[in-house]
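Please look over the structure shown below.

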Amino acid sequence: MGWKGREPFLLIVNALLIVILAATTPFMVRPDAAGGRVLDLSALRLLLDNYAATFIGAVGMTLVILAGQIDLSVGSALALCAVVAAQVSQMGWPVPLAFLAPILVGTLIGLINGAIVAYGRIHAILVTLGMMTLLRGLVVHLVPAGWVATSDAFKGVGLARPLGVSTSIWIAAAFALAMALAARYTRWGREVYAVGSNPNAAAIVGIRPHRIWFTVLLFNGFAIGLASAVHASRFGVIQNNIGQGFELLLITAVVIGGTSIFGGYGSVGGTLLGVLFLALVRSALIYFRIPALWEQAVYGAFLLFAVGLDIARSRAWARAWRGGTA
Amino acid sequence: MDAPLLALRNIYKAFPGVQALAGVSLDLYAGEVHALVGENGAGKSTLIKIAAGVHEPDAGEILIGGQPVRLQGPRHATALGIAVIHQEPYLFPTLSVLENLFVGFHPRRGPLGLVDWRAMARRAEGVFRELGISLPLDRPAGELSAAQQQLLQIARSLLQDARVLIMDEPTSSLSQKEVEILFGIIGRLRQRGVGVLYISHRLEEVFALADRVTVLRDGQWVGTYPISAVTPEALIARMVGRELTQMFPHTPHPPGEVRLRVQALGRPGLFEGISFELRAGEIVGMAGLVGAGRSEVAQAIFGILPPEEGWIEVDGRRMVPRAPWEAMAAGIFYIPEDRHRQGIVAPLSVRANLTLAILRRLARFGWIDRRAEDALVDAYRERLRIRVADPEQPVGTLSGGNQQKVVVARGLATQPRVLILDEPTRGIDVGTKAEIHRLMDELAGQGMAILMISSELPEILGMSDRILVMRAGRLMGELRREEATPEQVMALAMGLTSNGGVQAPEAR
């Protein structure tokens, strides 16, 4: 979009957070032999590694929200796909196939979500809420022991660092770049924005809104499958409660990144900065020894703040544009 | 004679860009039915809203029972005994009839101030008896018919001790039989000493009901007449009697082959039996009063409201459009009336808005060809003189006229063979209006077939080669450019037959 976006502001805030963390905590700094302090970027890299799956999921969620929809099933879908990845890798499937399996499962979940929302004409909140509960039940059933581990070969992928950067980050970056370009430069991306902003106007120019809603949910399923493969290969152990609250984390990141919760406005770039912001806030909480209990409250406060900004913006537009979007 | 229940004296009201009312006066006596008539945009709605406390007049006086008042808002007007019966009833569909009758002023009893259901039922039955109606008190209001919902509104306003009832097109969704029942009730209200201000496009109703009639034209008061002193023709002449000062750039061309044939198109409840032809190089105007079903017909042709009866033929190919993309594929494009709801995508850029309908053509393997897109945007910016500094600007930040140009450019970019324009110049400045008229003439000259819906008589008469007139969901007639006069168009639109009589309202 580029027009009065939030990206420059978030960029500054993130940079400030990094500077503050570097100056006041051991984050990104290690003592040298002489007892001084030297910059060490490995912590930042570790942070990005840990959030690779979140980046991928948040990018998928961005497209869903841009189109004016929502997907609450992502946390449970992440868990199911990760369990599938672990189990097929344990069954001795070659690594590429073990990577592909959770992606296929995720895409299938997205296909079901999208088909019910678009062609059954049922609100996405209801459909994906049902899917969230259903998939979580399936995960608990599939993992009676409470956890599963991946094969070592599978985990090796996540630990590898081609060209000094982890595979997880390579995958997340490639995916985010592809989606950012798709949102901006493809017909599909344009139609996603148009449908999210004003489905009536979009339909009148021959766009089929239900197709767009179907495709964003389908695509989000793919994204979650990919995220789960990244997650599983990085951590190696999958507990049956992983991904709980993941949907709220993603929505928070998307909205903080400047995408309107009402659809039609925002960007993939903003979302990436939103995820980074949440990751840095979490690090700060840890380094400042603020009890983990507060993390949820702090995220919630940021979400409310970002939604408040979003509503204020929508109202200002509606006033200025006489009935615009809100 | 007593002081009028309601008197409006020399009312002025302006909205940005338009003087809606300029010196309008009207009074309403107890037991009187006073009709208010005028073309679309004559200022009837604004006047009602001022009487109901929705708008405050810029100048002028409102007297209730002879006392000057300053209405603080709709609640204040209600408290002073003024009630509006809306076309589309405002009610709570899931609540019972009884609850709907008393929402906002439930009678209370006892020290706890509990809702007194028994008193409510008693008072409701009393009013029903007085009106000679019966409604099931415990049914959800949403299950009532349109007519019953209207009766509910009338009963509710009497329970609030209304002395002035303003009825805005009350019969537009009623059957013939229901209209008769309503007329009976209006008779009883009159005996009860209620004053009724009756707004209607249906002259036969005006002549059947009213004691006096006030005519508005372009926000001006034309006159108030006892009904016995006027004829339907005289009323129409007063509604349209303005000079045609505006010049329209229209050069009639010999029409070419038939581009669009509409055959017995219908959607029960909205319109029926619509048949007409549209030829290459022709501009056909569609006239009618608000609510006559013109936009609905256009939206049926474009597949937004898929027709349930009949079909269309585009260049000889028969089809029943089920969605806009189907109609577009056949070569039709529709430029909607409601720019904000159906036209622009406000936060998207001018560029993205302009090419929204032709992304398929601009995309190669899904990726937009930016160079082709920029060239196209530049071409249309120049051709339609869209004044925008930067095509990346959100279209919502543009003026209304420039927004409309973007919407028109988007339609032209699809290179349609049949173009439907719904109120193409509503709410835009005079200069842009003239530019759009010139463009329409140019497009017709190039062989495009154009259907233009307009509520402005001068625009209809000035731009059209032929004029179709609709009324209450039906096509009432067709006039050629040479023979059309404002009076004739209005007479057809208001259901006046050629022999001077008034046509009965048909059941719908």
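β4(B) and β5(B) form a hairpin, with two residues between the strands. In the turn, Gly65(B) has a positive phi of about 55°. This is a predicted model: local features need pLDDT of at least 70, side-chain atom pairs count only at pLDDT 80 or more, and totals for chains, interfaces and linings use all residues. Residues are numbered from 1 along each chain as its sequence is written, while chains are lettered from A and ligands numbered from 1 in the order in which they are written.

Helices (H or I, at least four residues) and strands (E, at least two) are DSSP runs, numbered from the N terminus. Two strands pair if DSSP finds at least two bridges between them.

**Strand pairs and sheets of chain B**

Ile62(B) has Val69(B) in β5(B) as its bridge partner. Strand β4 (residues 59–64) of chain B also pairs with strand β1 (residues 6–15) of chain B. There, Leu6(B) stands opposite Ile64(B).

| Strand pair | Sense | Bridges |
|---|---|---|
| β1(B) and β4(B) | antiparallel | five |
| β13(B) and β14(B) | antiparallel | six |
| β15(B) and β22(B) | parallel | four |

Strands of a sheet pair through backbone hydrogen bonds, either parallel or antiparallel.

One open sheet of chain B has four strands, in the order β14-β13-β16-β17, with antiparallel pairing. β14 (271–279) and β17 (317–319) of chain B are at the edges; each has a single partner strand, so one side of each is left without a neighbour in the sheet. From one strand to the next, the twist averages 15°. Angles run from 0 to 180 degrees between N-to-C directions, and axes are lines fitted to C-alpha atoms, for helices over the stretch in contact. Within this sheet, Leu260(B) has Leu278(B) in β14(B) as its bridge partner. Helix α9 (residues 294–301) of chain B packs on the sheet and touches β13, β14 and β16 (309–314) of chain B. The direction of this helix makes about 115° with that of β13(B). Two residues are in contact if their C-beta atoms, placed from the backbone, lie within 7 Å.

Another open sheet of chain B has six strands and mixed pairing, in the order β18-β21-β22-β15-β23-β24. Its edges are β18 (332–335) and β24 (474–480) of chain B; each has a single partner strand, so one side of each is left without a neighbour in the sheet. The twist averages 20° from one strand to the next. In this sheet, Gly285(B) has Met452(B) in β22(B) as its bridge partner.

**Helices of chain A**

How do α5(A) and α6(A) cross, and at roughly what angle? The axes of helix α5 (residues 95–119) of chain A and helix α6 (residues 124–142) of chain A come within 9 Å and cross at roughly 145°. Among the residues that meet are Ile109(A) and Asn113(A) in α5(A), and Val127(A) and Met131(A) in α6(A). By class, this contact has seven nonpolar, two polar and no charged residues. Ala, Val, Leu, Ile, Met, Phe, Trp, Tyr, Cys and Pro count as nonpolar, Asp, Glu, Lys and Arg as charged, and the others, Gly among them, as polar.

Eleven of the eleven residues of helix α9 (residues 187–197) of chain A are buried, so this helix is largely enclosed by the rest of the structure. A residue is buried if 20 or more other C-beta atoms lie within 10 Å of its own, with C-beta atoms placed from the backbone. Trp188(A), Glu191(A) and Tyr193(A) are among these buried residues.

**Where the chains meet**

In the contact between the chains, 28 residues of chain B touch 27 residues of chain A. α11(B) gives the most to the chain B side, with four residues. By class, that side has 19 nonpolar, five polar and four charged residues.

Chain B has 18 helices and 24 strands. Of its 508 residues, 46% count as buried. The C-alpha trace of chain B spans about 75 × 55 × 45 Å along its principal axes.

Chain A has 14 helices and four strands. Of its 326 residues, 51% count as buried. Along the principal axes, the C-alpha atoms of chain A fill a box of roughly 65 × 45 × 35 Å.

How values were computed:
Buried ≥ 20, exposed ≤ 12 C-beta atoms within 10 Å, placed from the backbone.
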